[in-house]
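Welcome! Here is a short briefing to read alongside the model, grouped by topic so that you can follow each part on screen.

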Amino acid sequence: MLIDRLIQIAVRPRRVLLGCALLTVSSLCGAWVYAQPAPDTQLAAASASLDQITVTAKRIELLGTAETASVGVVADEEIQLAPAYRPGQSLETVPGLIVTLHSGEGKANQYLLRGYNLDHGTDLATFVDGMPINQPTHAHGQGYTDLNFLIPELADAITYTKGTYYPSVGDFGAVGSVRVGYRDTTPAQLHASLGTFDFQRVLAAGSTAFGDGHLLAASEAQHYDGPFVTPDAARKVNEVLRYSDGDEHSGYSVTGMYYHQLWTNTTDIPIRAIDEGILPNRFGTLNPTDGGRAQRASLSVQYHETLGGGQFSANAFYVYNQLHLYNDFTHFLVDPVHGDQEDQFENRRVTGGAANYTLPVPLDNFQNEISVGVFARYDALGVGRLPSEDRVPLAPQNDPASFSNSDQVYLFAGAAYLQATTRWTPMLRTVLGFRDDYQHGTDIDYLATLHEAAGYSNGGTADQSLFQPKGSLIYTPLDYLEFYLSAGRGFHSADLRGVNQDTSVDLGLPHSPLLARQEGQEVGVRAQVPRDLTLTFTVYNLWQQSETIIDPDVGADTAGPPSRRYGYEANLTYKINRWLEFYGSYSGNHARFTRNFDDGTGHLGKYITDAPAAAGAFALYVTNLGPWSGGLEYRYLGNYPLSSGPCADSAAAKDFPATPNCATAPTAAAQVNGKGFGELNMDARYAFSGGWGASLGVYNILNTHAAAAEFWYVDRLKSEISAYPDGRADVHEHPIEPLMARFTITKSFGT
């Protein structure tokens with residue numbers, strides 16, 4: 001059965017590619033066996049280094065070098081031991097970051113950080129092997145970040161920042177940025193996994209000496225149904241081929257990647273559909289034809305060299321993305337005959353690169369280091385959404401003009417930055433800099449006739465530049481204690497289609513800026529007392545010119561009103577003994593719009609919908625315990641508002657014209673709130689002799705019944721067409737998977 005499933009994963013032309021990749025990895029496995037030292041020598045070397053391993057060591061080593069208390073590094077060992085059941089969850093090793101989803105395995109995750117529901121990636125700049133993953137002016141969400149192509153076993157480090165204080169961080173990075181590095185070498189290995197809900201996965205990976213460098217290849221195939229009444233039937237393949245040469249001072253890598261996935265998805269469903277018996281349980285669906293297909297191919301080059309007394313680094317990339325998402329969020333609200341399913345589609349090509357040069361430049365007797373850099377990317381894409389029924393296209397003229405888009409978009413983004421790090425005394429240093437970003441975009445609206453008849457158009461050209469000063473003051477009174485004071489400006493770009501509209505057709509808001517400013521400040525401390533315990537504590541404030549709003553009526557997000565957040569974050573790392581380590585993080589957040597906002601359900605207020613009040617994670621890592629290793633983690637997401645406030649007659653009159661007040665409108669009278677979740681996960685591993693190993697992952701151990709994501713919006717069921725002309729407001733949920741388990745057998749060659 002497993003073989004049959006894997007054969008069905010890829011479309012027919014990809015079978016040869018998968019076979020070739022597996023053959024390549026098999027060849028590398030053989031090469032690895034002959035290239036390795038004798039087993040006894042290798043095991044002795046491994047034993048000698050065993051006591052040196054500290055899973056969270058990179059978190060401890062930042063005193064004296066960090067710009068703020070909110071930067072960090074996650075080491076390879078922690079990435080591999082963290083109990084994650086989706087690739088994107090590897091990012092949860094970043095303190096305070098929660099990664100979940102609200103429909104379908106093939107879709108990009110939902111990201112939540114510092115009181116933000118970042119939707120599918122807005123305000124979280126993400127890079128893999130130097131490539132920017134966020135996609136501006138996207139079919140489904142601004143900054144869409146799909147990490148399903150990520151193979152966690154190849155990730156060897158994650159670096160992260162939070163806040164607006166770093167000159168090297170640009171678009172989408174004001175709340176946070178994450179950079180995932182891929183390894184250059186890996187032992188030849190095979191993984192085979194089976195799990196509940198028809199989970200199956202095979203991974204083959206390995207590297208060998210080739211020419212003056214190393215050649216690495218990896219191939220992954222996976223199938224997963226999930227617990228849903230209509231199975232997800234998610235089928236994906238991933239291929240990686242990488243050549244690298246050099247060392248940490250001078251070298252390069254060239255990496256090719258390919259990813260393809262097909263899936264069906266159960267999206268968030270209205271609670272009343274369960275209460276009224278329309279659906280059997282929370283795993284049911286109102287449209288079993290929802291789903292999607294995604295394809296990604298990329299080529300990336302990274303280069304670094306010691307040059308003229310400094311360090312030069314550069315990268316270049318080409319990325320091709322194709323996506324179709326079939327979603328039916330509002331059911332029969334827009335089209336009472338065919339339903340509201342839509343095909344969100346795009347075909348995108350991205351070309352770009354970046355360069356940085358860092359050089360010591362003393363200022364008289366003061367140590368000083370200058371870093372300068374540039375960045376550029378160019379996106380050419382066809383993007384839109386059109387009505388469909390059972391994935392069959394429908395004529396856009398049958399629905400309101402705003403329900404359909406088809407555009408050709410050209411986007412250019414360029415930036416230059418400078419940073420100076422100066423040590424004024426042994427206890428005082430500053431990090432000062434600036435960044436200047438420029439973006440230009442042109443939109444050709446293929447449905448201009450339809451849109452202009454409704455009084456607007458997506459078409460046009462927009463450009464904007466933004467100067468961003470940034471800085472930190474760091475005081476180190478003791479070798480084990482540092483204080484940070486930071487401030488800066490950042491931004492996120494807006495969807496070009498909305499920028500070109502004089503008034504947004506979705507939210508009725510005035511003209512949106514192309515680059516929306518964000519102003520942030522932060523006070524933090526980092527302490528290491530005693531040697532094996534590290535604590536960071538941060539208090540932050542962040543204002544932004546335009547909050548990105550999730551708009552379920554169109555299954556996308558749009559630019560919203562200004563907002564402000566403030567809060568705190570505490571992180572603790574403690575090496576309890578030689579084989580046991582603890583890591584914990586917790587953040588508390590306060591998020592509000594700066595003015596009242598009508599959320600489309602007759603509710604009016606300053607609450608930011610789906611902005612969590614708290615988030616955290618508490619983990620134990622076991623390593624160096626003979627053949628045993630593993631991780632146990634409790635991940636926590638606090639409660640959050642679902643509506644912007646209580647019902648207001650002025651908002652009800654606008655959102656429900658047929659029943660224009662709170663007494664008669666089909667909506668709740670009071671503020672509506674969502675419930676967060678707590679989930680306990682574990683991954684236990686045992687290493688046998690001869691290179692064999694086994695692992696057992698158990699997820700949602702407590703079998704928590706909770707929502708992975710909740711929303712509050714207006715939809716209409718088929719049985720409600722005549723009774724509710726403007727639809728009904730309701731809570732919509734997508735559940736966390738119940739208790740599940742996955743068992744993996746591994747074989748490493750040459751050990």
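The largest nonpolar core of this predicted model has 44 residues. Those with the most contacts inside this core are Leu91, Leu97, Tyr111, Val128, Val180, Tyr182 and Val240. Strand β16, residues 310-327, gives the largest share of the core, with 4 residues. Apart from it lies another core, of 21 residues, which includes Ile98, Leu333, Ala615 and Leu642. As background, nonpolar side chains in soluble globular proteins tend to be buried together.

- Most residues other than glycine have a negative phi.
- Asp119 has a positive phi, near 50 degrees, and is a residue other than glycine.
- To find Asp119, look in the loop between β4 (116-117) and β5 (124-128).
- Is Asp119 buried or exposed? Its relative accessible area is 6%, so Asp119 is buried, the cut-off being under 20%.
- Asn624 is not a glycine either, and its phi is positive at about 65 degrees.
- Asn624 is found within a strand, β31, which covers residues 614-625.
- Asn624 counts as buried because its relative accessibility is 3%.

**Aromatic pairs**

- How many aromatic pairs does the structure hold? There are 15.
- One of the pairs joins Phe537 and Tyr568, with ring centres 6.2 Å apart.
- The planes of Phe537 and Tyr568 are at 25 degrees, so this pair is stacked; the cut-off for stacking is under 30 degrees.
- This pair links distant parts of the chain, 31 residues apart: Phe537 is in strand β25 (residues 533-544) and Tyr568 is in strand β28 (residues 563-575).
- Phe537 is partly exposed, at 34% relative accessibility, and Tyr568 is partly exposed with a relative accessible area of 34%.
- Trp628 and Tyr686 form an edge-to-face pair, at 4.8 Å centre to centre and with 70 degrees between the planes.
- Because Trp628 lies in strand β32 (residues 628-637) and Tyr686 in strand β35 (residues 677-687), their pair ties together parts that are 58 residues apart in sequence.
- Trp628 is partly exposed, with a relative accessible area of 45%, and Tyr686 is partly exposed too, with 28%.

**An aromatic cluster and a surface patch**

- Which residues form one aromatic cluster? They are Phe537, Tyr568, Tyr586 and Tyr636.
- A nonpolar surface patch of about 600 Å² is made by Phe537, Val539, Tyr568, Tyr586, Phe618, Tyr634 and Leu702.
- Tyr568, found in strand β28, belongs to the cluster and to the patch.

**Charges over rings**

- The charged end of Arg742 sits over the ring of Tyr224, at 5.1 Å from the ring's centre.
- Lys747 lies over the face of Phe749, and here the distance from the ring centre is 5.8 Å.

Technical notes:
Residues are numbered from 1 along each chain as its sequence is written. This is a predicted model: local features need pLDDT of at least 70, side-chain atom pairs count only at pLDDT 80 or more; totals for chains, interfaces and linings use all residues. Side-chain values use heavy atoms; hydrogens and water are left out. A nonpolar core is a set of buried Ala, Val, Leu, Ile, Met, Phe, Trp, Tyr and Cys residues joined through side-chain atoms within 4.5 Å. Buried means under 20% relative accessible area, exposed over 50%, partly exposed in between (1.4 Å probe, protein chains only). Helices (H or I, at least four residues) and strands (E, at least two) are DSSP runs, numbered from the N terminus. Rings of Phe, Tyr and Trp (its six-membered ring) pair if their centres lie within 6.5 Å; planes under 30 degrees apart count as stacked, over 60 as edge-to-face and the rest as tilted. A charge sits over a ring if NZ of Lys or CZ of Arg is within 6 Å of the ring centre and within 35 degrees of the ring normal. Patches are made of residues with over 30% relative accessible area and no salt bridge: like charges are joined within 9 Å, nonpolar side chains (Val, Leu, Ile, Met, Phe, Trp, Tyr) within 5 Å. Accessible areas come from the Shrake-Rupley method with a 1.4 Å probe; for residues, only the protein chains shown count as cover. A salt bridge is a side-chain nitrogen of Lys or Arg within 4 Å of a carboxyl oxygen of Asp or Glu.
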